[in-house]
Amino acid sequence: MTGVQGKVVVVTGAGAGIGRATARLFARNGARVVVTDVQEAEGAATVGQIVADGGDALFLTHDVASEEDWQRVLSAAAERFGGIDVLVNNAGIYFIAPVTETTVEDWNRLFSINVTGVFLGSKHVVPHLTERGGGSIINLSSVAGLLGAAGHACYGASKGAVRILTKDLAAELGAQNIRVNSIHPTYVRTAMADYGATMAGKTLDDLGRGMSVLGRLAEPEDVANVIVFLAAEESRYLTGAEIVVDGGGGTSILSV
Ligand SMILES: NC(=O)c1ccc[n+]([C@@H]2O[C@H](COP(=O)([O-])OP(=O)(O)OC[C@H]3O[C@@H](n4cnc5c(N)ncnc54)[C@H](O)[C@@H]3O)[C@@H](O)[C@H]2O)c1
């Protein structure tokens, strides 16, 4: 197993939740990690945790909706670590509302982060990955990018866009040895899912239990494990794939 030892990995939105767990897991597996987030204190705290664990990481303030930020962040990452091998497009926001109560401003703001952010990151990381002879881009979609749900017109459409953008990029970049895959989690124990549970009037654990045949809510590390695998040499023939991390919920008829 060659894993991700020595690879340079950029994880967006790594100041919390799945992004933080992913950054920490990469570092524990010997990768050098660039933690980016709009929230400075949270991103710096992730780097503090990695360094305390004996890992190597750098924090950069980053709004994924800004093209200038992407150029600055990727240049600084490559300069610090000598190149970039992996990009995890993890940063995202959630929004639940009936379509009749969704404004154009809500829609555009969410798309600027969840979709334009993934487009810009992919666009600007390609030259860096090509310089290394290839690499891996991992995009966080959702089960909401595969199936419909009431109140999810805006968020679900954004995650559906990430799903097909992933396949388009995989087709376009395969000849450059750049693999692009999407991950589709169900609810995971983070602040984002807390919001979903509140909107559903349930506890997060009850919601998670009801959505999985494994009988428990997903933890951020359950998703991080799959992300690290998609960055590792062991997944080298996987591209354009959609990996559903839902504890089997989508394979069964469950009452939530
Ligand atoms: N938690 C879930 O249940 C769940 C399920 C399916 C998919 N996802 C997806 O996984 C990803 C991570 O979700 P999470 O639950 O860890 O979220 P979270 O809310 O816990 O953390 C998201 C992080 O992204 C950062 N962020 C927000 N906007 C940003 C921007 N414009 N630029 C840079 N960083 C920004 C936040 O500051 C935060 O640190 C998201 O793309 C989300 O849609 C989450």
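**View A. Helix α5 against the strands of the predicted model.** Helix α5 (residues 116-131) lies across β1, β4, β5 and β6 (178-185) and runs at about 180° to β4, where angles run from 0 to 180 degrees between N-to-C directions of axes fitted to C-alpha atoms, for helices over the stretch in contact. Helices (H or I, at least four residues) and strands (E, at least two) are DSSP runs, numbered from the N terminus. In this predicted model local features need pLDDT of at least 70 and side-chain atom pairs count only at pLDDT 80 or more, while totals for chains, interfaces and linings use all residues. Residues are numbered from 1 along each chain as its sequence is written.

**View B. The open sheet.** Seven strands, paired in parallel, follow the order β3-β2-β1-β4-β5-β6-β7, and two strands pair if DSSP finds at least two bridges between them. Because β3 (56-61) and β7 (242-245) stand at the edges with a single partner strand each, one side of each is left without a neighbour in the sheet. Neighbouring strands of this sheet are turned by 20° against each other on average, direction ignored.

**View C. Helices α1 and α9.** The axes of α1 (residues 17-28) and α9 (residues 220-231) come within 8 Å and cross at roughly 55°, and the two helices are therefore oblique to each other (angles under 35 degrees count as roughly parallel, over 145 as roughly antiparallel, 65 to 115 as roughly perpendicular and the rest as oblique). The contact involves G17, I18, A21, T22, L25 and F26 of α1 together with P220, E221, V223, A224, N225, I227 and V228 of α9, two residues being in contact if their C-beta atoms, placed from the backbone, lie within 7 Å.
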